[in-house]
Amino acid sequence: MRRTHRGVCAIATTLHLDAMDRAARYRLLTGSIVPRPIAWIVTQDRAGRTNLAPFSCFNLMGYDPPVVAIGIQRRADGSCKDTYRNIVDTGSLTISLVSASDGRKMTATAAELPADADEAALAGVDLVPFDDGTPPAVANAPVSFGCSLHDRLAMNDAQAIVVARIHSAYCRPDIVCDTTAGYVDTMAMDLIGRMEGPGWYVRCTDRVSHPVPAI
């Protein structure tokens, strides 16, 4: 049962995903599981060439140890994305979070380009070296995480899940509140999240507080 906008109860619509085609499942899931944080991932191939691409099938999975998971789909032609291949080949990646001011540049790096293309240069994104040997980070990102490949799961020929362990964080000075306690100014990051359809995002500027009641 569900309550409609007129306050009248109606029978919920059941959708069977196994009976839906890929495009329909995509529209349903990306239109309902929102907002999704965006991992702006920097990787390097074995020759040291840099790749930059955004992924919104991404989230924190735990903090002891600190791990995140990223869902990576194949290209439209069925070939493996450079990001996934580089992670598997080198075991290393850097994840930058995306502020609203970098939204258009981030979207530009989503284009499917040849493996030898420099997405960061083409989109006008500056990268800065990480001091722990992982790939560089997006210079303007409020927070970037230096990570290593912890595990990977090939779901099928079309997608895989990467579990990455975070080893270090590169934080912009203006968002750090307490380095010992780990406090950051979350609202000052002005992060954006992925919404439904092509090109829709949301800014993390409207929040509410619902404290857990003491029992």
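Reader: Which residues have the most contacts inside the largest nonpolar core?

Author: Happy to start there! In this predicted model, the largest nonpolar core has 22 residues, and those with the most contacts inside it are Ile41, Phe58, Val68, Ile70, Ile72, Leu93 and Ile95. As a general idea, nonpolar side chains in soluble globular proteins tend to be buried together.

Reader: Which elements give two or more residues to this core?

Author: They are β3 (39-44), β4 (50-55), β6 (66-73), α2 (82-90), β7 (92-96), β10 (143-154) and β11 (159-171). The largest share, four residues, comes from β11.

Reader: What does valine 68 touch?

Author: Leaving aside residues up to four places away in sequence, valine 68 touches Phe58, Asn59, Leu60, Met61, Ile95, Val162, Val163, Ala164 and Ile166. There is also a second, separate core of twelve residues, which includes Ile38, Val98, Ala123 and Ala141.

Reader: Now to the rings. How many aromatic pairs does a search of the whole structure find?

Author: The search finds one. The ring centres of phenylalanine 130 and tyrosine 170 are 5.8 Å apart; their planes are at 80 degrees, and over 60 counts as edge-to-face, so this pair is edge-to-face.

Reader: Which parts does the pair tie together?

Author: Phenylalanine 130 lies in the loop between β8 (127-128) and β9 (137-138), while tyrosine 170 is in strand β11, so the pair ties together parts 40 residues apart in sequence.

Reader: Is phenylalanine 130 buried or exposed?

Author: Phenylalanine 130 is buried, because its relative accessible area is 9%, under the 20% cut-off. Tyrosine 170, at 32% relative accessibility, counts as partly exposed.

How values were computed:
Residues are numbered from 1 along each chain as its sequence is written. This is a predicted model: local features need pLDDT of at least 70, side-chain atom pairs count only at pLDDT 80 or more; totals for chains, interfaces and linings use all residues. Side-chain values use heavy atoms; hydrogens and water are left out. A nonpolar core is a set of buried Ala, Val, Leu, Ile, Met, Phe, Trp, Tyr and Cys residues joined through side-chain atoms within 4.5 Å. Buried means under 20% relative accessible area, exposed over 50%, partly exposed in between (1.4 Å probe, protein chains only). Contact means heavy atoms within 4.5 Å. Rings of Phe, Tyr and Trp (its six-membered ring) pair if their centres lie within 6.5 Å; planes under 30 degrees apart count as stacked, over 60 as edge-to-face and the rest as tilted.
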